[in-house]
Amino acid sequence: QCVFLAGAGDRDGAAMKIGHFLLLTATAASFGAVAAEPTPNLPPTEVVARVLRVNPTVQAAAGQVRVEEANRSRLEAGPYEWNLRFGAHQRRVNPASGADERYNEWNAALERPLRLPGKSVADAELGALGVAIAETGQGDALHEASRALLKYWFIWLKENAATAQWNEQFVLLERQAKAVQRRQQLGDAARLEAVQAEGALAQAEAQLAQARARQNTAGEDLRRRFPGLPLNESGPIAEPPAIAGSESEWLEVILQNSHELGMARGETQRAQVAAGRAGNDRMPDPTLGVQMSRERSGEEHIFGAYVAIPLPGGARQAVASAALAEADVAHRREAAATQKITAEAAALYHSANAARASWNASRSAAERLSRAADMTARAYQLGEGTLNDLLAARRLANEAQLAARLGQLEALELRYRLLLDAHMIWDVD
């Protein structure tokens, strides 16, 4: 689980992690039946994991984790380094009487700033928070890549379904055109009916060619975006079951698993720690040093120690004030992220339910129009109807069947998107 949990590894942070884990476990248990369901029409999880981990965006996010780990080491070490000073000069003495005196002299000093108590703890916490945010960002990159894969996978499935539907319509109209042609040869049909049948067949052929072109385009787009993903036919379209659980339950699970919200919370905590660190910097760090000098050509040797303390000015107070303001901004961004994710999750929940209801209505309409087309075909065979009526009935049935297929895939896609955001499928991070 890559949801961000704050802290620098102290006991309070550990307690928060344990409590958070127990909450997620209890919530996920309430959806155990959903999570245990198979995922028809989707590629296997192990294949998805392999494809996503080589995704450039995901690899970039993994690289950012390494950046933050190095940054953590930098913050823990701090900019406090030993500084060596060395100087040489010549002393010239002009006595009132006698010759001038010249002396070669030199001095050396070794000094180092000291980090005041409290600052090192804050720096270590800032480093740990940076790594945790980067790790959450890596999980977010995986999740966003999973969303994209799901989206383009279903675009491909929908184009497959459209191609299959137009192929069925083409085969049906081809059979119908041959039957009309045979009837014309027997003198039982007019030339106009043969022309109408051939025209309907040509239209279906054109639609089939366009559907195949879109199918190839969608497949190539999916293959280019996610190399290594096998584009195998996933069998018949599964019936999307009803969404189990209430809106509030789904919102709770999605919010608990949201990487975007985890990153926003992490940024808030890092900004708060940074504000405290900037407040500590209002008290400057002292520099301690030791020095040695040789004067009068070695006649005098001097050893000593010193401390240097910068005198703080208005800039340090301004930096601290800016850090406090940034912490407030981060807190408001976290609130905005919570609002956004809640709204999107609620809309997705209702869309998934509505899509299933819409698919049921489309399926019922397709079944009725298909029966009507079959009845019209029998009536035409018995000489009780016209070919124009039959072709119109076939066209309406085909449109209804295509809408039902696409609606079924839409309902299935939205359901899988809901499960994906709740980390109940493809939880590869």
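## A guided walk

Begin in the loop between α2 (32–35) and α3 (45–53), where you will find Asn 41. Helices here are DSSP runs of H or I with at least four residues, strands are runs of E with at least two, and both are numbered from the N terminus. Before going further, note that this is a predicted model: local features need pLDDT of at least 70, side-chain atom pairs count only at pLDDT 80 or more, and totals for chains, interfaces and linings use all residues. Residues are numbered from 1 along each chain as its sequence is written, and side-chain values use heavy atoms, with hydrogens and water left out.

Now show the backbone of Asn 41: phi is near 70 degrees, a positive value in a residue other than glycine. Is Asn 41 buried or exposed? With a relative accessible area of 4%, Asn 41 is buried. Buried means under 20% relative accessible area, exposed means over 50%, and partly exposed lies in between (1.4 Å probe, protein chains only).

**Next stop: the sheet**

Select the strands. An open sheet is formed by 4 strands in the order β1-β2-β3-β4, with antiparallel pairing. Two strands pair if DSSP finds at least two bridges between them. At the edges are β1 (83–93) and β4 (300–308), each of which pairs on one side only. On average, neighbouring strands of this sheet are turned by 15 degrees against each other, direction ignored. As background, strands of a sheet pair through backbone hydrogen bonds, either parallel or antiparallel.

Zoom in on β3 (residues 287–295) and β4, which pair in the antiparallel sense over 9 bridges. Two of the pairs to click on:

- Thr 287, whose bridge partner in β4 is Ala 308.
- Gln 291, whose bridge partner in β4 is Gly 304.

While you are in strand β3, pick Val 290. Val 290 has a relative accessible area of 48% and is therefore partly exposed.

Then move to the hairpin of β3 and β4, which has 4 residues between the strands.

**Along helix α5**

Select helix α5 (residues 119–185) together with helix α6 (residues 191–225): they pack at an angle of about 160 degrees, with their axes 8 Å apart. That makes α5 roughly antiparallel to α6. Axes are lines fitted to C-alpha atoms, for helices over the stretch in contact, and angles run from 0 to 180 degrees between N-to-C directions. Angles under 35 degrees count as roughly parallel, over 145 as roughly antiparallel, 65 to 115 as roughly perpendicular and the rest as oblique.

The crossing of α5 and α6 is left-handed; that is, the near helix is turned anticlockwise from the far one by less than a right angle, while clockwise would be right-handed. Colour the contact of α5 with α6 by class and you get 20 nonpolar, 8 polar and 9 charged residues. Here Ala, Val, Leu, Ile, Met, Phe, Trp, Tyr, Cys and Pro count as nonpolar, Asp, Glu, Lys and Arg as charged, and the others, Gly among them, as polar.

α5 passes α10 in a right-handed crossing. The contact of α5 with α10 divides into 19 nonpolar, 7 polar and 11 charged residues.

In helix α9 (residues 314–381), select Ser 370. Ser 370 counts as buried, at 15% relative accessibility. A polar atom of its side chain lies 2.8 Å from the backbone oxygen of Ala 366.

Glu 367 is also in helix α9 and, at 42% relative accessibility, counts as partly exposed. Its C-alpha atom is separated by 7.9 Å from that of Gln 401, 34 residues apart along the chain.

Over in helix α10, pick Ala 393, which is buried with a relative accessible area of 14%. Ala 393 and Thr 376 are 7.2 Å apart in space, C-alpha to C-alpha, and 17 residues apart in sequence.

**Last stop**

Finish in the segment after α10 (387–421), at Trp 426. Phi of Trp 426 is near 55 degrees, a positive value in a residue other than glycine. Trp 426 is buried, with a relative accessible area of 4%.

Methods: A polar contact is a pair of N or O atoms within 3.5 Å; within protein, one must be able to donate a hydrogen and the other to accept it, and residues adjacent in sequence count only if both atoms are side-chain atoms.
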